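Subject: Structure handover and notes

Hello,

Below is the structure I said I would pass on. My notes come after it.

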Amino acid sequence: VEAGLRLRPEPVPVGEPEARVADAAPPPELPRPPREPLTWDRIWQTLLSERTLNVLLFLGAFLMVASAITYVVYNWENLPPAAQLAAIVLFTLSFYGAGWFLRVRMGLRASGIAVTAVGSLLVPLDFYAVFVAGGALPEEMWPWVWLAASAVCLPIYTLTALRIRAGFFGYLVAVAAGSLTCAILQVLDVPSEWWLSALVALALIAAALAYRLRGSERPWSILADPLRCSALVATSVILPLGIGWWIASGASGFHYDASLAAAWTLGAILYTYAAVWEQSPWLGRVAATALPVSLFLLLRLLFEPLGIELPWYALGWAALALAYLLAGYRFRTRASSAEADAAPMLRAHGHTATGWALGLMAVAAVWSLFDLWAAAVTYAVLVAGVALAVRLWERPGALPLASLLAFLSISFGMAAG
């Protein structure tokens, strides 16, 4: 009886699902949190944040520099020399003091470095304002002012970089060193054409010093990256400018030709040195590009006084191609036995050297055709290059090319004779 009184489930019609899932209702929208009221505490907190202070400090420093320059320009003659010197020195020292206060007392390192950088940039301006614009010294003494300003800025920037441990001042050290080099040459009455090679030589010294300091724990290591970057960037700018000045304005003469050739030679050495230290295939390509240019300039410096024609330059490129073939083979053999990390870099250098060897051989073959004797000698060197490639890379299929080049060399020689 109890079983019969239980409710029985209604039969489910055929063809309909046993249960229907009701569509889930969308969740109710949560109310937005109420906006915090605008109070004086929030306003002061925003105004005193480090980002706002940095903006205000940069703006204030810019306005101070602009106002100081304006005041110097319009009122400089009305001030006595002692007041001029005192005002400028105190104004510059105020930036160093403000930078120290921001870094040490307030803990705003970035802002302190920015203010100190402004003071550092004012140091050479002080020399110009007092001794040049102010007329304190005659025009003949201006090179000595340049020398004194560079000699003062270099230790100041160096000590600032070591004290603050900021890379920006390392770049100022590099600029001051370049300025000091040019000022010394100017005082010694060295022709200005030699500034090219002198600056590239300085860049090579700076790069060697930077790579020695890189990774060390000495305080001077803060200068490693700025000196390295400054050396590479300065060389990459100076070398094309020298070529452009030679082509565009027709700059010539022994001093300019010798300085340009020395600059490109030192630049090629710098790129090679950097490629070895940084294990960079890109720098290896740059070095491989700079070497043929430096060789051309050196041959031009040697051949022009002797009256040797341009087609003979191809002989130097053919000889350089032999050196590139040997370098490419050496990189290839070292890559086969090197560790897994160094093997790709060595293979890349090998491909670069081999590719430039083939390119130089092709250029030498065409360039020498304007003189039969030059072509005869150059093609003889190219025969040696192809034979060397066959020997090193074991490619006997290139022997017919060597035979053709030998035949052409003999033919050019007989036609010239």
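Predicted model: local features only at pLDDT ≥ 70, side-chain atom pairs only at ≥ 80, totals over all residues.

Residues are numbered from 1 along each chain as its sequence is written, and side-chain values use heavy atoms, with hydrogens and water left out.

Overall make-up

The chain has 14 helices and zero strands. Helices (H or I, at least four residues) and strands (E, at least two) are DSSP runs, numbered from the N terminus. Of the 417 residues in the chain, 36% are buried. Buried stands for under 20% relative accessible area, exposed for over 50%, and partly exposed for values in between (1.4 Å probe, protein chains only).

Salt bridges

A salt bridge here is a side-chain nitrogen of Lys or Arg within 4 Å of a carboxyl oxygen of Asp or Glu. The count by this rule is six. Arg214, Asp225, Arg228 and Glu278 are linked in a network of such bridges.

- Aspartate 225 pairs with arginine 214, with the closest N and O atoms 3.9 Å apart. Aspartate 225 is in helix 8 (residues 224–249) and arginine 214 in the loop between helix 7 (195–213) and helix 8, so this pair ties together parts eleven residues apart in sequence.
- Arginine 214 also forms a salt bridge with glutamate 278 (4.0 Å, N to O). This pair links distant parts of the chain, 64 residues apart, with glutamate 278 in helix 9 (residues 254–278).
- Arginine 228 forms a salt bridge with aspartate 225 (3.8 Å, N to O). Both lie in helix 8, three residues apart, about one turn of the helix. An α-helix has 3.6 residues a turn, so residues three or four places apart point the same way.

How accessible are these side chains? Arginine 214 is partly exposed at 41% relative accessible area, as are aspartate 225 at 37% and glutamate 278 at 26%. Arginine 228, at 15%, counts as buried.

A buried aspartate

Aspartate 126 lies in helix 4 (residues 109–133). Aspartate 126 is buried yet has no salt bridge, and the nearest side chain of opposite charge, arginine 103, is 17 Å away. For charge, Lys and Arg count as positive and Asp and Glu as negative, while His and the chain ends are not counted. The side chain of aspartate 126 does make a polar contact with that of threonine 92, at 2.5 Å. A polar contact is a pair of N or O atoms within 3.5 Å; within protein, one must be able to donate a hydrogen and the other to accept it, and residues adjacent in sequence count only if both atoms are side-chain atoms.

Surface patch

Leu85, Val89, Leu90 and Leu93 form a nonpolar surface patch with about 360 Å² of accessible area together. Patch members have over 30% relative accessible area and no salt bridge; like charges are joined within 9 Å, nonpolar side chains (Val, Leu, Ile, Met, Phe, Trp, Tyr) within 5 Å. Areas come from the Shrake-Rupley method with a 1.4 Å probe, and for residues only the protein chains shown count as cover. Leucine 90, in helix 3 (residues 81–105), is exposed at 57%.

Helix 13

Helix 13 (residues 372–393) has 22 residues and should span 32 Å; its end C-alpha atoms are 31 Å apart, which agrees. The expected span is 1.5 Å times one less than the number of residues. Aspartate 371 caps the N-terminal end, with a side-chain oxygen 3.1 Å from the backbone nitrogen of tryptophan 373. Just after helix 13, glutamate 394 has a positive phi of about 55°.

Regards
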